Amino acid sequence: MNILFLAPHLSTGGMPQFLLKRIETLLETDNKLFVVEYECLSDQYIVQRNQIINLVGKKNFFTLDDNKLKLIDIIKENNIQIVHIDHEAEGLDFNLMKKIYSDVRKYRIIETCHNVSFNPKNKIFIPDGFAFCSPYHVKTFEHIQTKKELIIYPLEVKYFNEVEYKNALDKLKFDTKKTNVLSVGLWCDNKNQAKVFEIAEQYPDYDFHIVGNQAENFADYWKPLMKKVPKNVKVWGERQDIEDFMTLSDIFLFPSKQECNPIVLREAISHELTIYANNLPQYCGIYDDFIKPLDTPKLIYKMNINLKNERYHFKKDHEDLYESILKSKVVKQPKDGKVIVNHHCVDGAFVEITGKSTSDFHIEFFVNDKLFYEDTIKSNSWVRLNRKYFTEYDVKVTEIKADRQKSSEVIFNKVFDLRGKRVMISFESSSLGDTLAWLPYCDEFQKKHECILFVSTFKNFLFKDQYPNIFFIEPAQVVVNLFAKYDLGWFYDTNKEPVLPNTIPLQQTATNILGLSFSEIKPKLYFDGDIVPFIEKPYVCIAPDSTAGCKEWNLENWQKLVYYLVDNGFEVVNVSINTKYNLQEVLQPKDLSLESTMQIINFSEYFIGLSSGLSWLAWALNKHVYMIANFTNSEHEFQSDCTRLINKSVCNGCWNNKNFKFNKGDWDWCPINKGYDKQFECQKSINVIDVIMKIALNNNNRVHI
């Protein structure tokens, strides 16, 4: 028979590997196979994609790109009898799927769902049969009346082959005198390579091998990890020879947090590796006899389990399903009247009507019981409000039926409630100061709404284990089944934030966007530094460098301040990341990574800096901060544990003036006095004597200048 496989993408992963195995086995028969890639996500991570093209041939491989309707021509021109979709149809182009699922089609349709996030209650298109890859889907799809088969990726007995073993050893150079531990997966928070590092440090005599691609969109997860790779861990990158790694390994480590039915886990079982993994509920108990919990006190090997070779049944189950489906009648799609209301608040309140209906649908959004917005749409249309910041919208949908009486019925009426719902807060700023300022209010938001909260920042490592109510994810990491999403950043857009951000305290930006009352909260930091100070003598940290001319305090003043501190028995440590000042009698650490800087500041006596992220960091580490900042209002930054050095007698506070917007691309930005003698007078006018006197009074130091 002529079989067409429709894959949503073929970037490296479990779904493409499943399709590859299906194609390998079915090509052993007389079937003619075609593969259509819905879209090409990457030209970099294409291990399985290339193998699939080689198997079916370039003439039988297609990529739809922008012209999705090309699929219809491909089906007709190649006399396709079975269309097997490796995705839920609802996640693909609606108009295309409406045509593909035509009631008068000659071919039959099979669907395989590869994720646990899709809600089968939202199923609109009903295939002629399902080929489930996980027992989890057998349960969740049980209400849909159509043929169902469970066809799991096969366990294939990997018999020992001495030649293959020696070849793998010659290539990979494993130390066979040691226990070799393997972990495979895309480098991202969900796959949890950080846990592998943690376990590796507990077993210094074992060798750990991590295989998987480091995609750039997850760089903010893996780049910090790569700075602290344990000595007994080797990172191999993406590989095509996973079989060789499993042949040489003793233990398989799989700390993934969310999976459907991972193929790599089944491959490890086939190699009879001892497996330590999270036994996730969606496995439905099928791996109870194969995996040990990650919290087991000691990693040991090796398990011996009698396996049956399932490859033959994998092929036969697919063939039997296709043949039986071909003999059955086409499943008729639900007639007009079956509609689904899809409502969420991701990037604005959103209501979509999908399904087959000739009715009109009147959408109403209410805020505090007052009508905020209304519109009338047809099915397979949607409404999205422009406002993106937190707003408690109540939503009502009324169906106006297409009959002579124009009868109407309220089919959806929801009061805003985030309890138990999945919500995401995304930090659009990577600035250290912004991150530290805003993070505490994510925690307050979760406590207030009792939601399942995901937070994406560019510096997640700062908050490890400090906020147990928050799931930290990497920027660009996809979170499924979200009900709401809110962005924190500097937008100057009334649809994204209700008040100009430069006119309010920095932390209030977060409370305004998230709908919280404002009071100052200090962030809780994860600090894993050494318990010994940077140096034995008492020392003070300074950070003279700035990111804009309007923030700077001049070199002469900093030097006088250093001499004063040294005269009072302190060493002075400059923790500015990109220092350009050549200050005398100042220690300049070689390692100024954020982790190292935290350790240095943590054991200092106090901190002297500008309005900068390092000042926020010192404050979060409970150091008293002397802040030399006159270009912002004194209320803009934190108030507690802070001595502010200002001069209100000159031009000041331009940052917080509603008439000006800071231009980070202009080093000389000074909206009032640029090009004149008074340019930057706000900072220049702060006298070093005043700074020294403030410090002396607070610390009972003597003053000698």
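A disulfide is a covalent bond between the sulfur atoms of two cysteines. In terms of distance, a disulfide is a pair of cysteine sulfur atoms within 2.5 Å. The model described here is predicted, and it holds zero disulfides. Cys 345 is one cysteine that takes part in no disulfide. Its nearest cysteine sulfur belongs to Cys 451 and is 12 Å away. Cys 345 has a relative accessible area of 4%, so it is buried. Cys 642 is a further case. The closest cysteine sulfur to that of Cys 642 is in Cys 541, at 16 Å, which is too far for a bond. Buried means under 20% relative accessible area. Cys 642 has a value of 18% and therefore counts as buried.

The strands come next. Strand β4 covers residues 82–85. Both of its faces are covered. Ile 82 and His 84 lie on one side, Val 83 and Ile 85 lie on the other, and all are buried. Strand β1, residues 2–7, runs parallel to β4 and is joined to it by four bridges. Within this pairing, Leu 4 stands opposite Val 83. Strand β5, residues 108–111, also pairs with β4. This pairing is parallel and has four bridges. Here Ile 109 is the bridge partner of Val 83. Between β4 and β5 the chain passes through helix α4, residues 94–100.

Another group of strands is antiparallel. Four strands form an open sheet in the order β17-β16-β19-β20. β17 (370–378) and β20 (408–414) stand at the edges. Each has a single partner strand, so one side of each is left without a neighbour in the sheet. Neighbouring strands are turned against each other by 20 degrees on average, direction ignored. Strand β19, residues 394–400, is joined to β20 by six bridges. In that antiparallel pair, Lys 396 stands opposite Asn 413 of β20.

Aromatic side chains were examined next. A pair of aromatic rings is described by the distance of the centres and the angle of the planes. The structure holds 38 aromatic pairs. One of them joins Phe 445 and Tyr 486, with ring centres 6.0 Å apart. Planes over 60 degrees apart count as edge-to-face. The planes of Phe 445 and Tyr 486 are at 65 degrees, so the pair is edge-to-face. This pair links distant parts of the chain. Phe 445 is in helix α12 (residues 432–449), Tyr 486 is in strand β24 (residues 484–488), and the two are 41 residues apart. Phe 445 is buried at 0% relative accessible area, and Tyr 486 is buried at 2%. Both residues also belong to an aromatic cluster with Phe 390, Phe 416 and Phe 483.

Trp 616 and Trp 619 are both in helix α16, residues 613–620. They are three residues apart, about one turn of the helix. Their ring centres are 5.5 Å apart and their planes are at 85 degrees, so this pair is edge-to-face. Trp 616 is buried at 4% relative accessibility, and Trp 619 is buried at 0%.

Charged groups also sit over rings. Lys 68 lies over the face of Tyr 38, 4.0 Å from the ring centre. The charged end of Lys 524 sits over the ring of Tyr 467, at 4.7 Å from its centre.

Note on methods
Residues are numbered from 1 along each chain as its sequence is written. This is a predicted model: local features need pLDDT of at least 70, side-chain atom pairs count only at pLDDT 80 or more; totals for chains, interfaces and linings use all residues. Side-chain values use heavy atoms; hydrogens and water are left out. Buried means under 20% relative accessible area, exposed over 50%, partly exposed in between (1.4 Å probe, protein chains only). Two strands pair if DSSP finds at least two bridges between them. A crossover is right-handed if, with the strands pointing away from the viewer, the path from the first strand over the helix to the second runs clockwise. Axes are lines fitted to C-alpha atoms, for helices over the stretch in contact, and angles run from 0 to 180 degrees between N-to-C directions. Rings of Phe, Tyr and Trp (its six-membered ring) pair if their centres lie within 6.5 Å; planes under 30 degrees apart count as stacked, over 60 as edge-to-face and the rest as tilted. A charge sits over a ring if NZ of Lys or CZ of Arg is within 6 Å of the ring centre and within 35 degrees of the ring normal.
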